[in-house]
Amino acid sequence: MKAVTILGATGSVGTSALDVIERHPERFRVHALTAQSNVDGLADLAVRFGPEVVVIGDVSLEGRLREALRERGARARVAGGRDALVDVARAPQVDAVLAAIVGAAGLVPTLAAAEAGKRLMLANKEAIVSAGALLMAAVRRGGAELLPVDSEHNAIHQCLAGVREAERDGARLVLTASGGPFRGRLDLDTVTPDEACAHPNWVMGRKISVDSATLMNKGLEVIEASWLFNMPVERIDVVIHPQSVIHSMVEFPDGSVLAQMGTPDMRTPLAYALAWPERVASGAQRLDFARLGELTFEAPDLQRFPCLGFAYDALRHGRAASAVLNAANEVAVQAFLEGRLRFTGIAATIQRVLDAFDPEPPSGIDEVLEIDRRAREVAAGMLPNRGPAPQ
Ligand code: NAD
Ligand code: MG
């Protein structure tokens with residue numbers, strides 16, 4: 001029986017993981033569930049899964065969460081704030097931690113799980129983008145088992161399972177990207193937040209949906225892949241594959257390409273990460289090859305979607321560029337979602353921040369957090385000083 005902590009339990013990834021866990025009560029039990037501010041959602045999950053602890057990120061909501069649990073007759077212990085997130089990520093009775101908080105806000109508890117030697121099921125790509133070297137060092141030091149949940153990296157993990165170290169020399173990674181909702185759209189200036197969040201293949205949180213629309217999501221994933229698989233930037237490719245059936249591939253020097261396929265459903269990589277090295281049912285639909293139709297591929301358009309290029313540049317530049325890129329993106333995406341920035345302003349803002357702010361590489365977590373904070377300040381100062389963007 002594995003005891004699991006879910007950081008970001010009320011989100012898209014968190015609830016998909018709980019759906020898998022609910023199918024296997026003999027294998028998994030929930031130790032802790034966390035959310036930032038969704039008190040009712042968290043209390044409902046506490047009734048369904050009976051965790052020992054529930055943590056609300058926003059400490060001012062602790063009282064309301066206690067009340068909500070009382071109303072529902074749930075008995076979990078209540079805690080609030082970042083220290084409480086860290087506590088449930090490294091609690092001795094916990095075997096596995098799902099890092100499914102969105103944004104660099106998830107970095108500190110994710111690192112704590114790594115340092116404590118847990119099975120770390122990583123969805124929170126912003127954590128590894130901001131602090132890749134530190135996170136990988138913490139995984140090694142703590143003896144953690146790092147299992148990628150992001151579908152592309154999970155696919156590559158699957159393709160590399162059973163591949164000997166010597167075979168990896170000269171291998172290339174090919175990350176697939178759906179291309180997002182605007183692949184064929186010409187006028188990107190008038191895109192609204194709701195249009196950007198209407199992803200053709202995946203239902204996800206709003207931040208990652210916008211990242212998919214700008215292709216920044218794929219850029220963050222290139223950086224994530226380079227850390228997870230210790231792969232130099234020149235050996236990571238991106239190909240647009242609108243059907244999202246092939247989740248990513250590994251190419252070997254002899255010309256062989258291994259791909260992992262499946263219907264687009266996050267429960268597949270989540271079940272893999274939860275049960276590895278075994279396999280369990282996830283609830284995902286089987287791939288029906290007879291009805292699949294065409295699988296198509298094309299090169300990404302870096303003119304129209306410059307964010308992917310920024311991420312490659314940040315990875316090549318090194319230093320703290322990935323942390324700055326991530327922070328600037330978080331600020332710009334938030335401004336776009338709030339109607340304060342046009343869609344095309346996201347890339348423009350990130351570029352200006354990267355040009356203006358190039359700090360030294362961080363040597364510890366405090367320095368990463370400081371770089372993140374300052375990059376957010378620089379980005380906020382570059383947002384247009386006006387009301388809602390015209391829709
Ligand atoms: P979401 O917005 O649906 O959920 C985010 C969760 O994090 C919620 O439970 C929320 O309460 C919590 N949270 C938000 N801000 C927080 C903060 N400041 N402190 C503590 N908790 C906070 O997001 P999502 O789509 O589930 O994505 C979560 C992460 O997984 C992201 O990093 C995303 O890039 C990654 N990811 C998501 C998908 C997907 O299909 N949704 C796929 C691959 C990777
Ligand atoms: Mg992904």
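View 1. The protein donors are Asp150 (OD), Glu152 (OE) and Glu221 (OE), at 2.1 to 2.2 Å from the ion. Donors here are N, O and S atoms within 2.8 Å of the metal (3.2 Å for Na, K and Ca), and water is not among the atoms, so sites may look incomplete. Glu152 is buried at a relative accessible area of 8%, and Glu221 is buried at 1%. Buried means under 20% relative accessible area, exposed over 50%, and partly exposed in between (1.4 Å probe, protein chains only).

A note for all views: this is a predicted model, in which local features need pLDDT of at least 70 and side-chain atom pairs count only at pLDDT 80 or more, while totals for chains, interfaces and linings use all residues. Residues are numbered from 1 along each chain as its sequence is written, chains are lettered from A and ligands numbered from 1 in the order in which they are written, and side-chain values use heavy atoms, with hydrogens and water left out.

View 2. Helices (H or I, at least four residues) and strands (E, at least two) are DSSP runs, numbered from the N terminus; two strands pair if DSSP finds at least two bridges between them.

**View 3. Strands β6 and β7, side by side.** Strand β6 (residues 119–122) runs parallel to β7 and is joined to it by four bridges. Look for Leu122, which stands opposite Pro148 in β7.

**View 4. Helix α7 and its buried face.** In α7 (residues 132–142), the buried residues are Gly132, Leu135, Met136, Ala138 and Val139. Down the helix axis they fall within an arc of 155°, so they line one face of α7; the arc is that of the directions from the helix axis to the C-beta atoms. Their cover includes α5 (107–115), β6, α6 (125–130), β7 and α12, with contact meaning heavy atoms within 4.5 Å. Arg140 and Arg141, on the other side of α7, are exposed. After the helix comes Gly143, with a positive phi near 70°.

**View 5. Backbone spots worth a second look.** Most residues other than glycine have a negative phi, and most peptide bonds are trans. Leu215 has a positive phi near 70°; this residue lies in the loop between α11 (206–214) and α12 and is buried, with a relative accessible area of 4%. Asn230 also has a positive phi, near 50°, and is found in the loop between α12 and β9 (236–240), where Asn230 counts as exposed at 69% relative accessibility. Trp276 and Pro277 are joined by a cis peptide bond with omega about 10°.
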